[in-house]
Amino acid sequence: MNAIHQEKTIISLIKSCTRKSHLLQLHSQLLRSSHFYNPTIFLSFLSRFALPPLRDLSYSGRIFNDFPETNVSLYNTMIKAHSLGRDSARNGFLLYQELLRLGISSNALSAAVAVKCCTKIESLCNGMQIHAKIWKDGHLSDGLLLTTLMDFYSCLEKGSEAYKVFDDMSHRDIVAWNVLISCYTRNGRTRDALALFDMMRSSNVCQPDDVTCLLVLQACATLNALEWGQKVHSYIVEHGFLNARNVCNSLIVMYSRCGCVEKAYEVFKQMVDRDVVSWSAMISGLASNAFKEMQREGVLPGDQTFTGVLSACSHSGLINEGRMFFKCMSRDFGVKPNIHHYGCMVDLLGRAGLLDDAYELIRSMTIKPDAAMWRTLLGACRIHRYVALGERVVEHLVKLKAQEAGDYVLLLNIYSSSGNSEKVIEVRKMMKEKGIQTTPASSTIELKGQVHEFYADDISHPRKKEIYEMLVEINQQLRIAGYVAEITSELQSKSEPYVLSYHSEKLAIAFGLLATPPGTTIRVAKDLRICVDCHNFCKILSAVYNRKLVIRDRNRFHHFREGRCSCNDYW
């Protein structure tokens, strides 16, 4: 057997090892035959031990350190192995530095895997140093490397830096476009992500693929951009992506989050191959009725399924059913309750006014409750005017160092609704002394494929004069119908109630009334929880103007129709 054939046989044998014990036996044999120190064979062996599925950093590190003639390929293998885990990534970057210090000529792959290490350890400084080295070494034509660099900046919320890398690329493949869209979505620039989709469609160079559609559908769901979502849906059908299960699942989520459960169900029914994600997404939109059909089809529910079911029980006020599902998920299906399941139960019990039960459930948890759970209970205390528990909940938030202005606003509402004006004054004074201010919220509305964004007291919109004139008219009409501004949810004094008239969702709604024909449903997405006043405003407006309003805030959907809201005034 000649040397080349023998080398290929040994490498094939290394690759066929599926167990660590087999690889260790082979290691022993190779050492006895001296083949182990053949650079090509050693690289194959090191890769098998260092990378998944047999990844063992300790053992591979020892044999790497013992090899007499290190080279760039061996270093790249070890850096890549360390880049796969958050705990090991720092050592991966140190290996990259060692490679440079030893004077071994690095290549584009060295930089790419080192950048991935910086992404894992969230080290902007180290990543920028590698970026400078990439410039120096002339690797700017390597698309894979630059895409990895874009992803690094994106993960560290440096969207503008990611765009600069993209802008400097001589050849932009579909992966680069998708990373940029992901970057925009991750950094809150969802409207820019939608614009990129249009730019790709009109380009002859790089058409959107199924991954592009998945990313854009996420952006549509975030912005409540139904028209955009329908446009992406049409593109998916035209290009044959509807056979991909993950694309259909994203469509279901998008339609559900935009308040079009009927459309979501149409996509679901057309699916040939449904999985647990499909069912979980549909259950979240259609409530727990789909759970029984899922069991009849023999699909085992997962933790996301129970999150959807419990959430549906909460919004529907199904206390007994919710308790039954919560009990059976671990008993019958082996699904251990997580923080989201407990959160749904706290919401369910809080809605029903069983606040002490909700509090005891939180105290009985084996996992640490998070701030979101305490805020859910605080919201229930506001609805049911439970002052004593509300104060305790705020204390827990303070202990977590997670209290926000909105928590104190809820506490203000609790005191105000119970008629405790002294406590209201006390909390206002404390907030003023600590400099606690509410976070500016934004609301978006999509019209004719364009997303319009508003902030409180916004004067940046081209039609601002008409919008504010419309708001004056709306307020006059609503007052005739019995609307009275609710000022307890604000930090301003009673001499300044006018600020409530210009919350971001009110501006978006006023614009929607201006820009759409009578009878058109107005859909608005808000990034914070809707306040009491705006909720009352929307209820009365839906009756006075005979309009359906769909508002998605940070907590849930609100469907306003004929003076009522789907949340039954609980959110």
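Contact here means heavy atoms within 4.5 Å. With that in hand, take the contacts in the chain with a separation of 6 or more: residues 24 or more positions apart account for 63% of them. Keep in mind that this is a predicted model.

Now the whole chain. There are 571 residues, and buried ones make up 49% of them. Its secondary structure comes to 29 helices and six strands. Along the principal axes, the C-alpha atoms fill a box of roughly 95 × 55 × 55 Å. As for the surface, the chain exposes about 27,900 Å², with carbon and sulfur atoms supplying 51% of that area.

Charges next. The chain carries 67 positive side chains along with 58 negative ones, and the centres of the two sets sit 3 Å apart.

Here are some of the chain's values side by side:

| Item | Value |
|---|---|
| Buried residues | 49% of the 571 residues |
| Contacts (separation of 6 or more) between residues 24 or more positions apart | 63% |

Let's zoom in on one residue, Ser154. You'll find Ser154 in helix α9, which covers residues 143-155. Ser154 counts as buried because its relative accessibility is 0%, and the cut-off for buried is under 20%. What does Ser154 touch, leaving aside its neighbours within four places in sequence? The list is Ala162, Ser182, Cys183, Arg186 and Asn187. With Arg186 there's also a polar contact: the side chains of Ser154 and Arg186 are joined at 2.7 Å.

Notes
Residues are numbered from 1 along each chain as its sequence is written. This is a predicted model: local features need pLDDT of at least 70, side-chain atom pairs count only at pLDDT 80 or more; totals for chains, interfaces and linings use all residues. Side-chain values use heavy atoms; hydrogens and water are left out. Helices (H or I, at least four residues) and strands (E, at least two) are DSSP runs, numbered from the N terminus. Buried means under 20% relative accessible area, exposed over 50%, partly exposed in between (1.4 Å probe, protein chains only). A polar contact is a pair of N or O atoms within 3.5 Å; within protein, one must be able to donate a hydrogen and the other to accept it, and residues adjacent in sequence count only if both atoms are side-chain atoms. Accessible areas come from the Shrake-Rupley method with a 1.4 Å probe; for residues, only the protein chains shown count as cover. Lys and Arg count as positive and Asp and Glu as negative; His and the chain ends are not counted. The place of a charge is taken as NZ of Lys, CZ of Arg, CG of Asp or CD of Glu.
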